[in-house]
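Open the model in your viewer and keep the selection tool at hand.

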Amino acid sequence: MEVFYYLVFGVLVMVVGTLEFSKTNKDRISTSAPFNSFKNNYLVVYSLMMAGDWLQGPYVYYLYSTYGFGKGEIGRLFIAGFGSSMLFGTIVGSLADKQGRKRACVTYCITYILSCITKHSPDYRVLMVGRVLGGIATSLLFSAFESWLVAEHNKRGFDQQWLSLTFSKAIFLGNGLIAIVSGLLGNMLADTLGFGPVAPFDAAACFLAIGMAIILSSWSENYGDPSESKDLLSQFKGAAVAIASDEKIALLGAIQSLFEGSMYTFVFLWTPALSPNDEDIPHGFIFATFMLASMLGSSIASRLMARASLKVESYMQIVFMISAFTFLIPVLANFFVPPTKVKGGSISFTGCILLFGFCTFEACVGIFWPSIMKMRSQYIPEEARSTIMNFFRIPLNIFVCIVLYNVNAFPITVMLGMCSIFLFVATILQRRLMVVAESHRHKPQDWASMKDRDTEAEPLNI
């Protein structure tokens with residue numbers, strides 16, 4: 001069965017390589033030298049930030065277990081991280097609109113470095129503080145950097161279509177290539193060189209420090225709404241009004257929560273799904289294969305978004321439908337493929353089928369990220385971009401906490417079947433978003449006027 005893993009990995013390498021090196025002028029976007037310099041600077045920083053994140057991922061659970069903590073205690077640490085992201089992360093992330101996105105990106109680096117340092121302590125309370133810091137950092141990673149990029153791109157007067165090029169390359173590198181290299185580097189530090197499971201966290205802190213130095217030396221500051229009269233509560237209220245009054249923003253938030261909630265559930269469940277009888281599977285190699293599939297998806301996305309005539313709202317319906325079907329495969333396999341009772345051994349025939357389906361889902365993830373970034377850049381108002389993006393993560397974090405708390409209460413097929421339903425709902429909502437977007441395409445909403453009307457109607461005296 002070892003040959004099977006190499007075969008899947010090799011096929012993906014060939015497909016990704018073919019897609020990348022066979023691009024014609026129709027698949028590329030003509031840009032300018034100043035934009036390329038700006039894009040490359042952002043990609044270097046984003047790759048360093050993602051390296052700092054990916055290096056930690058495979059070793060968090062393992063490190064906690066080496067300190068002698070059980071599954072329940074580790075579960076509470078993970079719940080604390082997502083809860084922190086939902087509560088404190090929403091507040092800190094939302095401050096980026098008022099205090100500055102560059103400052104928020106630097107805060108991400110400092111917060112995550114401190115979180116890495118706490119991993120040296122076996123004290124449960126110190127580790128809990130580290131998880132809280134990590135939750136705050138996660139909210140900043142997925143809001144502040146994108147908000148800074150969109151604002152700076154527009155401030156410099158670059159073509160709007162060029163933004164999709166930066167998004168697709170960021171996902172190709174940050175969520176693909178960097179993830180694979182980080183996995184290999186972490187394995188080398190922790191196992192090959194024998195530095196132990198805390199070594200990847202030290203390496204992550206170093207990458208984050210380098211990225212912070214580049215941000216401080218080369219990035220300019222930008223804001224959402226820097227007005228002195230607007231406090232945090234007013235920002236929250238303005239973001240809530242934007243979501244409630246613009247169906248496109250509300251639909252986008254629902255779609256994002258449904259897809260990312262399913263994605264994070266998959267992260268927790270793919271290992272037991274592929275090895276239900278404790279089969280011996282190469283976790284690191286399979287993880288690298290998933291990341292390669294994600295690179296395939298981002299490469300496809302770059303070709304799709306290079307065509308101005310092809311709307312993101314249109315092809316994402318197909319992506320969500322395919323994603324929903326991939327999570328139906330385990331459910332169907334449970335009914336039609338006789339389960340094996342043999343403990344251990346190599347991956348089963350059912351596991352091979354599931355691996356193909358999971359790789360397909362990861363390819364959909366690779367398409368999803370740059371595409372959702374593109375839609376967010378179109379529909380979320382600049383004045384409250386970071387605040388609204390962090391609002392989107394609230395239902396996501398609640399969902400993930402519920403899944404973590406009940407991960408042993410339901411069979412894996414039930415959990416994945418539930419995710420399939422969520423993704424079918426996302427397909428329907430994406431269809432609705434396309435219809436609404438088309439009807440509003442020639443009459444864009446005046447966000448500033450809406451905000452002014454709301455302020456006049458309901459003045460805040462705080």
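On a 1 Å grid over the protein atoms alone, a cavity is a set of points where a 1.4 Å probe fits but cannot get out, and its lining residues have an atom within 4 Å of a point. Grid points are joined across faces, edges and corners, and a volume is the space filled by probe spheres set on the points. This is a predicted model, in which local features need pLDDT of at least 70, side-chain atom pairs count only at pLDDT 80 or more, and totals for chains, interfaces and linings use all residues. Residues are numbered from 1 along each chain as its sequence is written, and side-chain values use heavy atoms, with hydrogens and water left out.

**Stop 1: the largest cavity**

Four cavities of 30 Å³ or more are found, and the largest holds about 120 Å³ of space. Select Tyr-46, Leu-141, Phe-142, Glu-146 and Met-373, which lie nearest its centre among 14 lining residues. Then colour helices H2 (33-54), H7 (144-155), H8 (162-192) and H14 (349-379), each of which supplies at least two residues of this lining; helices are DSSP runs of H or I with at least four residues, numbered from the N terminus. H8 gives the most, with four residues.

**Stop 2: a surface patch**

Select Leu-7, Val-11, Met-14 and Val-15, a nonpolar patch with about 360 Å² of accessible area together. Such patches take residues with over 30% relative accessible area and no salt bridge, with nonpolar side chains (Val, Leu, Ile, Met, Phe, Trp, Tyr) joined within 5 Å. Areas come from the Shrake-Rupley method with a 1.4 Å probe, and only the protein chains shown count as cover. Leu-7 lies in helix H1 (residues 2-21).

**Stop 3: salt bridges**

A salt bridge is a side-chain nitrogen of Lys or Arg within 4 Å of a carboxyl oxygen of Asp or Glu. The whole structure has eight. Select Glu-247 and Arg-432, whose side chains meet at 2.8 Å, N to O. Glu-247 is in helix H11 (residues 247-274) and Arg-432 in helix H16 (residues 412-440), so the pair ties together parts 185 residues apart in sequence.

Next select Arg-393 and Glu-260, with their closest N and O atoms 3.6 Å apart. Are these two residues buried or exposed? Arg-393 is buried at 3% relative accessibility, and Glu-260 is buried at 1%; buried means under 20% relative accessible area, exposed over 50%, and partly exposed in between (1.4 Å probe, protein chains only).

Finish at Glu-152, Lys-155 and Arg-156, which are linked in a network of salt bridges.

Key: On a 1 Å grid over the protein atoms alone, a cavity is a set of points where a 1.4 Å probe fits but cannot get out, and a pocket is an open set with protein on both sides within 12 Å along at least five of seven lines; lining residues have an atom within 4 Å of a point. Patches are made of residues with over 30% relative accessible area and no salt bridge: like charges are joined within 9 Å, nonpolar side chains (Val, Leu, Ile, Met, Phe, Trp, Tyr) within 5 Å.
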